[in-house]
Amino acid sequence: MNRFLNISAIIMAFLTEGVWAEPSSKVAFTPEVLKTLSAGQTKKGEEIAQSCVGCHVLGGAAPLLDGQIGAYLFKQLKDYQDGSRMNELMTGLVRGLSDQDLADIAAYFSQLKAPSSTKSKVTEMAEVLVHSGDPRRILPPCVACHERDGRGQKIDVPAIRGQSAAYLHQTLKDYKSGQRHNDLLGRMRAISQELNEKEIKALAEYYGQ
Amino acid sequence: MPESSFKPLILSHFWLAFGSFGLACVLGVYQVLERSGLIPLMQSPEVYFASVSTHGVLMAFVLTTFFIMGFGYLVATTSLKMPLAHPKWATAGFSVSALGTLMAAIPLLLGKASVLYTFYPPVQANVFFYLGAALLVVGSWFWAVIMVVMFGLWKKAHPGATVPLPMFATTANAILWLWTSVGVALEVVFQLIPWALGWIDTIDVGLARTLFAWTLHPIVYFWLIPAYIVLYSLVPKAAGGALFSHDLARLAFVLLLVFGLPIGFHHLYMDPEHGQGFKMIHAVGTFFVMLPTLMTGFTVIASLEQAGRKKGGKGLFGWIGKLPWDHPVVLAAILAFLMLIAGGFGGIVNASYGMNAMVHNTAWVPGHFHLIFGGTTVILYFAAAYAVWPKLTGRALIEGSLPLVQLWSWFIGMIILSTPWHILGLLGQPRRISSVAYNSLLTLAWDPYELAMIIGGLILLGSAFLFLHILLASQRKGLRIAAEEAEIHYADEEPEGTRVPALLNGFGVWNLVILLLMLANFGYPIAQFFLFKTFGSTGWGY
Amino acid sequence: MSSSSRPLHIDPLEKKWLKVAFALIALFVGVILYTGFFQHVHPPGGMETIDSAALHLSEEFAEDRLGVSVAPDGAIKVTLVAARYGFYPRSIKVPAGRPITFRIASADVLHGLHVPMTNLATMVVPGYISTVTTRFPKPGEYPLLCNEYCGMGHDHMWSQLQVVSQEDWDALTPSSKEP
């Protein structure tokens, strides 16, 4: 049976692009999960998040979380819990937290004021990719999903404006190499694989600070 | 005249309708320019889709509903020669609909309701858009009830007498609208509003589309029937003749009412939530509804032919030249028929079941409905306005041939706009795109047609402004005329005392037929969403 | 309602026209019924539900099951997910001249799938699976376009379909698929 699956995989590798053996993420925004999310309590989230704010500041290696899309945060935390997204530190920190705890954290951070992007570096290369994409590489513009100003969109497209530029840079590189692979259908991986180093740097500096 | 106190109310309806129309035309020109890609600085999907949503709502819901209500009140009072029943309800209805329009317009213009005039979920708009749309519909129900009430009052006061044709048709339209609007009302009230408010987390998109499809086809007959009233009841006298047929005229309106309702699935041919069986049934029903339009074509052209021959037209086609082409109502009718033939052909293609796969959601579809609605129907709305403006304002239309220029330019502009649009659809261009971004050789063929459409759009904009100018100038500066001169000249009916078959003078039986047809064609397809387990969708941004 | 005193009055010319109108309608309906029942010319149909929020956790639409698959009896199936903004997998190869069944589901909102100037066309409604069977007579590169408004990226939602000749297809796939 295993050999059959392997051969099918080889066949499909010829016929399609990209093969994944496991789902990219085990999080699904079913009505139950949506209920949990909407029951998230900001006050409780603030208590639990006391241990987060130390690292998640501007200038640190960890991304800024203020004003992030709530459902996106929830998904990332759950992905850390079950290994869909790998980071030893984060995996350890979220172990033992319940779904409701995660929803509370998400509720807390999502209602904080989002960072502004006053330090962003606007280059023509970035502008084109951000607003027009590239039809030749079937790249939609970033704004199509991340919305104007990179504010993110429901239900789970992350806000990227004012994010740490270093973090954005690393994230795109991780998607490109496949190191980060919790994006549904490999959409960010496919996009990042089409971008070259220069473009990744320009985009990180366009949106980040 | 007893109706004089309602003139401001009717004029308010018309001005809200035509003012919205003017704004929507400006948006239309912006859209055709943006989409062509000619001016790169203009490119913006955000602005484009906000514009398309606003344009669609204004043209399909605001222009139509307010025009139809105003025209209905006018036809009812003048053809029945009785005062408006429950005028306070009429004012209330106008206010509710106007409030709804404003409530929806604000999120639309701010880009918070870029969900297009079909507002298919699960892309989610600001809740005030859905609330506004609901109010617009609810206000129109006041109108529909008043029409039915006046119909009943007149029949009581004239036992056994034949209801004048314009009012028979208007009442058919009111009944049609009440049946039609239930679908979208259910969708908006029980699904979209609670969902947008966050009271429910998910809604069944298949059910929402089905309820909308209930409304989506018969609403075009709601729009079309007033245009047919112009053809049957205003065109014959304007052409200097008489209506060729009376019974079949009534039967045509009954058939539109009965067969126009239970056929909405031809908008869902490509949908996975319904089986081929019901799609086939709706397809057959859709072909049946060709009949009243074929009948109308015959009757009105026959009436025109008689008028032309009366004026000395000889030979097979000589009568055409003898018609008064310089009478706006007659000119509009002729131009409307030309567009009806082309647009009707397109409609037959759309209805053709499996073949719909070739044109579904391509640019062919907006090409079709701009031709058949923006062309045939709206040009007859223009004619109606020209015909009734003296009555409403007490002044003649301004001197000169401006109305004729306006009608010709609308026709020419529409042909230039819609013909390339149909071709783009056949060449595979999807609808609802704001730019051409596919890296495919296929798209190279599209450019010349996009450019041609800009010319059509500009001509139409000029024509629209001319229309508004004519109405405004006539209302302000037209020659004052006596009341008798301003009378609306409906086509003569059969001599007083003549009775018509009861089935062509009332709607009791027809309502029962409609109920049975709707149960048969929509009963199970809607029930299935409650009988089987379905999965709903949360709200998504855009 | 008062009783009527006369039957329906139809002018002889009108009667003639009605016959023409009925004949026209009968022709159209006849063609639709005939091609539908005997040549299987149908739009897609059939109510099949699925949870769009959990597509990636389902059996049929799991990410590693997407794309082209060939059953032991040679039947070709293409499984696609429509999601903002593409049809996944974004590049697929199928053989010309053979019946191909497409199974498509949406992971988010309404989409429409159309290969221009072919009858591969269907709506993709979240919560429901779309099934279309068709064949492509000619090899070539075909764009798969989304034709229903699905958000600000709708203009950019498309994927590539490559139809290869039968010989090229046979060369691509190993002849033996048995373990």
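**View 1. Phe119(B) and Phe212(B), both buried, in the predicted model**. The structure is a predicted model. In the pair shown here, the ring centres of Phe119(B) and Phe212(B) lie 5.3 Å apart and the planes meet at 70 degrees, so the pair is edge-to-face. The pair links distant parts of the chain, its residues being 93 residues apart. Phe119(B) lies in the loop between α3 (87–109) and α4 (127–157) of chain B, whereas Phe212(B) belongs to helix α6 (residues 205–216) of chain B.

**View 2. A cluster of aromatic residues in chain B**. Ring pairs join Phe14(B), Trp15(B), Phe18(B), Phe21(B), Phe67(B) and Phe71(B), among others, into this cluster. Its members also include Tyr381(B), Phe382(B), Tyr386(B), Trp389(B), Trp410(B) and Phe467(B).

**View 3. The interface of chain C and chain B**. Here 69 residues of chain C are in contact with 82 residues of chain B. The buried area between the two chains is about 6300 Å², with carbon and sulfur atoms giving 69% of that area.

**View 4. The salt bridge between Glu148(C) and Arg432(B)**. The closest N and O atoms of this salt bridge are 2.9 Å apart. One salt bridge is found across the interface of chain C and chain B, and 22 residue pairs are in polar contact between these chains.

**View 5. The side of chain C that touches chain B**. Elements α1 (12–38), β7 (121–124) and β9 (140–146) of chain C each supply at least two residues of this side. Its largest share, 14 residues, comes from α1(C). By class, this side of chain C has 40 nonpolar, 20 polar and nine charged residues.

Note on methods: Residues numbered from 1 in each chain as written. Chains lettered and ligands numbered in written order. Predicted model: local features only at pLDDT ≥ 70, side-chain atom pairs only at ≥ 80, totals over all residues. Heavy atoms only, no water. Contact = heavy atoms within 4.5 Å. Buried area = accessible area lost by both parts, 1.4 Å probe. Salt bridge = Lys/Arg side-chain N within 4 Å of Asp/Glu carboxyl O. Polar contact = N/O pair within 3.5 Å; in protein donor to acceptor, adjacent residues only side chain to side chain. Helix = DSSP H or I, 4+ residues; strand = E, 2+ residues; numbered from the N terminus. Nonpolar A, V, L, I, M, F, W, Y, C, P; charged D, E, K, R; others polar. Phe/Tyr/Trp six-rings, centres within 6.5 Å; stacked < 30°, edge-to-face > 60°. Buried < 20%, exposed > 50% of the residue type's maximum accessible area, 1.4 Å probe, protein only.
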